[in-house]
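Have the model open while you read.

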Amino acid sequence: MSIRTDALASLPVRAALPRLLAELDRWGTAVLCAPPGTGKTTAVPLALAGLLPGTSARTGRVLVAEPRRIAARAAARRMAWLLGEEVGGRVGFTVRGERRVGPGTVLEVVTTGVLLQRLQRDQELAGVDTVLIDECHERHLDADTAAAFLLDVRAALRPELRLVAASATTDAEGWARLLGADGGPEPGEGARRPPATAPVVEAAGGSHEVAVVWAPPPRPVRPPHGTRVDPDLLRHVAATVRRALREQEGDVLCFLPGVAEIARVATDLVGAGVEVLQVHGRSPAAVQDAALAGGDGRRVVLATSVAESSLTVPGVRAVVDAGLAREPRVDQARGLSALTTVRASRASTRQRAGRAGREAPGTVYRCWSESEDERLPRWPAPEIEVADLSAFALWAACWGDPGARGLALLDPPPEGAMAAAGEVLTAIGALDAAGRATERGVRMARSGLHPRLARALLDGAEELGARRAAELVALLSEEPPRGLGDDLATVWRAVRGGGSDGYPARWRREARRLESALRSGGSAPAGPGAGRGDDACAGLVAALAFPERVARSRGPGSYLMASGTRAELVAGSALAAAPWLAVAVADRPVAAPSARIRLAAVVDEESALLAAAPLHTAEEEVGWSAERADVIARSVERLGAIELSARPLAAPAPALVRTALLDGLRRRGLGLLHWSRQATELRRRLAFLHRELGEPWPEVSDRALLAEPESWLGPAFARARSRADLERLDAGEALRSLLPWASGEAALLDELAPERVEVPSGSRVRVDYSGEQPVLAVKLQELFGWSQGPRIAGGRVPLLIHLLSPAGRPAAVTADLASFWREGYRSVRAELRGRYPRHPWPEDPSTAEPTRHTKSRAAR
């Protein structure tokens, strides 16, 4: 077969190739901006490898790094087709579990994950002339990391290595700055040093005009939460697809966030009279090929974000966009990490819309309103900011840069996520105490697995043998279809007897790869656990992979994980009676207080302790129990948050008991102490003096007293061992220790803030210090003859006098008694004189005799 020159000539990127090749020859790095459908993923690599007419052959291989396996396979097949060849000739590909290259391969398409593994094994990338990182605008963590490593290689080992960052958007400033930082090789004579940024080469788009139809649901739908999408929205998406089929010609490409949503919409489209194809990372190769090859009749292609820019689907004239995407998120508090559904960014929705205008004018139906569109995020979140960074931290440590502080990254990794990753990697033996990669950690990094799964593979093989460990880890590396159930051992048995296509086929390939890696790496022979049954093997491997998710039953179907997260099985699960589970997959439903277990295995306590050994502790625990509201002192054995056993401590350390009591005081407040009426009154008097006079009178607010309780509670507190001891402690006596005895002013307490004041009748009336101003509440007749009320705090503060009726009810309030006698008394006298005729109501109270009694008793 001959090269397909007509197909190549129609690709718009051809016009940008001369400049791109020239800039690479001059500077060694470049950023290519080319919209989807221009030939960025096909014509450019062929030109870099010298496989297009008019381009020069290179001495080394060209590597093209794609973010997804489906894109890597499709790109290699398309380029081989353009050359009139089969894949495995001059163009080949390598993805996890599949490799098609030959001795004559000069252009190899790989996933970014495969590229990272190669860089770990061979930092120089011997035999490679050029690396093109495709779809760099998507900001996947693998691509960002690979670019950082390649820039290190150019700076330190191979300045001649050419590097291209290819983006489907025009937002190239960051990548240009990053790729231009190392400066590349020394320029030849007469050449200028490169600028601070790499050259940016733009290719004009070949897209046609795309009309936008705003098609929001007729009624409000619930926003996405976790992996949940409102079924009403999915029904609306299906209805919009049917509308597009009626109103437009050609095929319809519909974007949905995940496999479950694709299946739901496909079900709703049954009977639409068209072929419905489901394209995602797990779809069979035959389905992927059919979608990319086109067909005779009309088709609806339901796809995840893989069809945004990595793949070109021919025949599409209409796009229906649900407006959702899946991004990785990690919940450090719950110990759960997974993909979550988010609103797609405006950059992503532009990419999706462009697919409708690839071959002719088209239309995009957006399932949201125009006003909502303005509130969408501008760009997708960089994966480094939101994902679990355990694998990244291990890559960086193996690269020789623990902490990744010296890597050239567009965005630095969050410190909290890196710290959490370091704890995980240290616990599984991948890093030493200084954060450097161990020999075991290097082996984990080269496995192509997440470090958790790599740990399960290595340690599981020692217990169970290479084959069974590899098969179970392969199950965990790609979540099985949920229709197989939530019991990992049952799923294992099902896929072992499964067909030769789909998930069982992918699982077998991955299991063989992992077993081969174990054997080539000198895996130890199976240990004493080799005779375990399927259930026990599945439980051990799942526990080794996710030790913080080992869970003990709290009741039928309810569990507590070692991480402290509560988790529930789905109703009717066959696992509900298991005393222990190893949870492999869990998520958190909307508004649910507990996680939901999606995939788990029964595990025995011995295996749980083996797998989660770093979480196993035995310690003496002395503290304040909020549940019991008292000090607890016991010896406790735990597996993370799971309490295995506890027994009382006979003689806990006094210092720990004091700390627990202080914690109890701060939690429950000063009400734990014994507050007599006298103690409460003393505290109020001291508070008044501190407020009015300041130092040396002490502050006795809750905040001040709880800040240093030992300083005023004294020896009695030091002897306390329980809440009962606190309740017997005399707070009033303790407060007296705070009085300013050293300055001698303590003796003035009763003068400056008297507990009682003697009134003209001879009564000693208690002063109330509970408010902002001290109050003297006294019967009006007892103050006859008193022209001025008393003042306290050295004459600074007048007492607020509450004048009471003979029955003790409030009659008037005044701080100026003389004014009251002149102006207010007359109206009070007129109101109360008839009600209380037996009590004196003189015309002039300022000269009358004070009394506590009625007129008859006063006369005697």
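## Salt bridges and cores

Asp-587 and Arg-598 form a salt bridge, with their closest N and O atoms 3.2 Å apart. The two sit eleven residues from each other, Asp-587 in strand S20 (residues 580-587) and Arg-598 in strand S21 (residues 595-602). Asp-587 is buried at 13% relative accessibility, whereas Arg-598 is partly exposed at 22%. Keep in mind that this is a predicted model.

| Salt bridge | N to O distance |
|---|---|
| Asp-134 and Lys-40 | 2.8 Å |
| Arg-58 and Asp-129 | 2.9 Å |
| Asp-587 and Arg-598 | 3.2 Å |

Take the Asp-134 and Lys-40 bridge, a side-chain contact at 2.8 Å. Asp-134 is in the loop between strand S6 (128-133) and helix H6 (141-156), while Lys-40 is in the loop between strand S1 (29-33) and helix H3 (43-48), so the bridge ties together parts 94 residues apart in sequence. Is Asp-134 buried or exposed? It counts as buried, at 1% relative accessibility. Lys-40 is buried too, with a relative accessible area of 3%.

Now for Arg-58 and Asp-129, whose side chains meet at 2.9 Å. Arg-58 lies in the loop between H3 and strand S2 (61-66) and Asp-129 lies in strand S6, so parts 71 residues apart in sequence get tied together. Arg-58 counts as partly exposed at 32% relative accessibility, but Asp-129 counts as buried at 10%.

On to the nonpolar side. Which residues touch the most other members of the largest nonpolar core? They are Leu-115, Val-131 and Phe-392, in a core of 106 residues. Leaving aside residues up to four places away in sequence, Leu-115 touches Leu-63, Ala-65, Val-110, Leu-125, Val-131, Ala-146 and Leu-150. There is also a second, separate core of 62 residues, and its members include Trp-624, Ala-731, Val-767 and Tyr-769.

Last, the cysteines. How many disulfides does a search of the whole structure find? The count is zero. Cys-537 counts as buried at 0% relative accessibility, and Cys-398 is buried as well, with a relative accessible area of 17%. Both values fall under the 20% cut-off for buried, so each cysteine gets that label.

Notes: Residues are numbered from 1 along each chain as its sequence is written. This is a predicted model: local features need pLDDT of at least 70, side-chain atom pairs count only at pLDDT 80 or more; totals for chains, interfaces and linings use all residues. Side-chain values use heavy atoms; hydrogens and water are left out. A disulfide is a pair of cysteine sulfur atoms within 2.5 Å. Buried means under 20% relative accessible area, exposed over 50%, partly exposed in between (1.4 Å probe, protein chains only). A nonpolar core is a set of buried Ala, Val, Leu, Ile, Met, Phe, Trp, Tyr and Cys residues joined through side-chain atoms within 4.5 Å. Contact means heavy atoms within 4.5 Å. A salt bridge is a side-chain nitrogen of Lys or Arg within 4 Å of a carboxyl oxygen of Asp or Glu. Helices (H or I, at least four residues) and strands (E, at least two) are DSSP runs, numbered from the N terminus.
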